[in-house]
Amino acid sequence: MREHMRSGLAVARFLESHPCVAKVLHPGLPSHPQHDLALKQTSGFSGMITFCLKGGLPEATVFTKNLKIFVLAESLGGFESLAEIPALMTHASIPKEHREKLGMSDAMIRLSVGLETTEDLIDDLDRALRQAVNVGTN
């Protein structure tokens, strides 16, 4: 769990600074709306991350197709790093308008950071993001 937490926070920090990412949700980041509460109630943070890349569903799909280490999966429980697109997977049965009211965009990605090396995970995410999102970084 320590490695899961350590790598999860490192990946969240990386994503938050990436030009292809619009928003990151991880309670270990000061930008998270409940960061202060998480600091009071926990002694660490998980390796679960939610983020929105710049763009929409086409970019999210290209992103996941270009991942080499993260595995596309609906269940995010495991020792390997996993990714999912809620709009196409876990929340596909919810109408888009309702998902948007809940703050779930088509560009939303959920990650479960596994036990691979942090550097390899960050490299995988960086490559896939740059292939998916055209923001002058390609």
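From the N terminus on, the elements of this chain run α-β-α-β-α-β-β-α-β-α. That gives five helices and five strands; here helices (H or I, at least four residues) and strands (E, at least two) are DSSP runs, numbered from the N terminus. Please keep in mind that this is a predicted model, where local features need pLDDT of at least 70, side-chain atom pairs count only at pLDDT 80 or more, and totals for chains, interfaces and linings use all residues. Residues are numbered from 1 along each chain as its sequence is written, and side-chain values use heavy atoms, with hydrogens and water left out.

Let's start with the sheet. In what order do the five strands lie? The order is β1-β2-β5-β4-β3, in an open sheet with mixed pairing. Two strands count as paired if DSSP finds at least two bridges between them. As background, strands of a sheet pair through backbone hydrogen bonds, either parallel or antiparallel.

Now, which strands stand at the edges? They are β1 (21-25) and β3 (71-72); each has a single partner strand, so one side of each is left without a neighbour in the sheet.

Strands β1 and β2 pair in the antiparallel sense, over four bridges. Moving on, β2 and β5 also run antiparallel, and five bridges join them. One of the facing pairs there is Ile49 with Leu111 in β5. Then three bridges join β5 (residues 108-112) to β4 (residues 82-84), again antiparallel. In that pairing Leu82 stands opposite Ser112, and Glu84 stands opposite Arg110.

On one side, Leu25 stands opposite Thr50. In β5, the bridge partner of Thr50 is Arg110. What does Thr50 touch, leaving aside its neighbours within four places in sequence? The list is Lys23, Val24, Leu25, Met108, Ile109 and Arg110, where contact means heavy atoms within 4.5 Å.

Is Thr50 buried or exposed? With a relative accessible area of 15%, Thr50 is buried. The cut-offs are these: buried means under 20% relative accessible area, exposed over 50%, and partly exposed in between (1.4 Å probe, protein chains only). For the chain as a whole, 44% of the 138 residues count as buried.

On to the helices. Two packed helices are described by the angle between their axes and the distance between the axes. In this model, axes are lines fitted to C-alpha atoms, for helices over the stretch in contact, and angles run from 0 to 180 degrees between N-to-C directions.

Helix α3 (residues 57-65) lies across β2 (48-53), β3 and β5, at about 130° to β2. Helix α3 also packs against helix α5 (residues 118-132), at an angle of about 140° and with the axes 8 Å apart. The two helices are therefore oblique to each other; angles under 35 degrees count as roughly parallel, over 145 as roughly antiparallel, 65 to 115 as roughly perpendicular and the rest as oblique. Who meets whom here? Glu59, Val62 and Phe63 in α3 meet Leu125, Ala128, Leu129, Gln131 and Ala132 in α5.

Helix α5 has another partner. The axes of helix α1 (residues 2-16) and α5 come within 10 Å and cross at roughly 30°. Residues of α1 in this contact include Ala10, Phe14 and Leu15, and those of α5 include Leu121, Leu125 and Leu129.

Leu129 sits in helix α5 and, at 0% relative accessibility, counts as buried. Not counting residues up to four places away in sequence, Leu129 touches Leu15, His18, Cys20, Val21, Phe51, Leu53 and Phe63. How far apart are the C-alpha atoms of Leu129 and Cys20? They are separated by 6.3 Å, although the two residues are 109 residues apart along the chain.

That leads to my last number. Among contacts in the chain between residues at least 6 apart in sequence, 67% join residues at least 24 apart.
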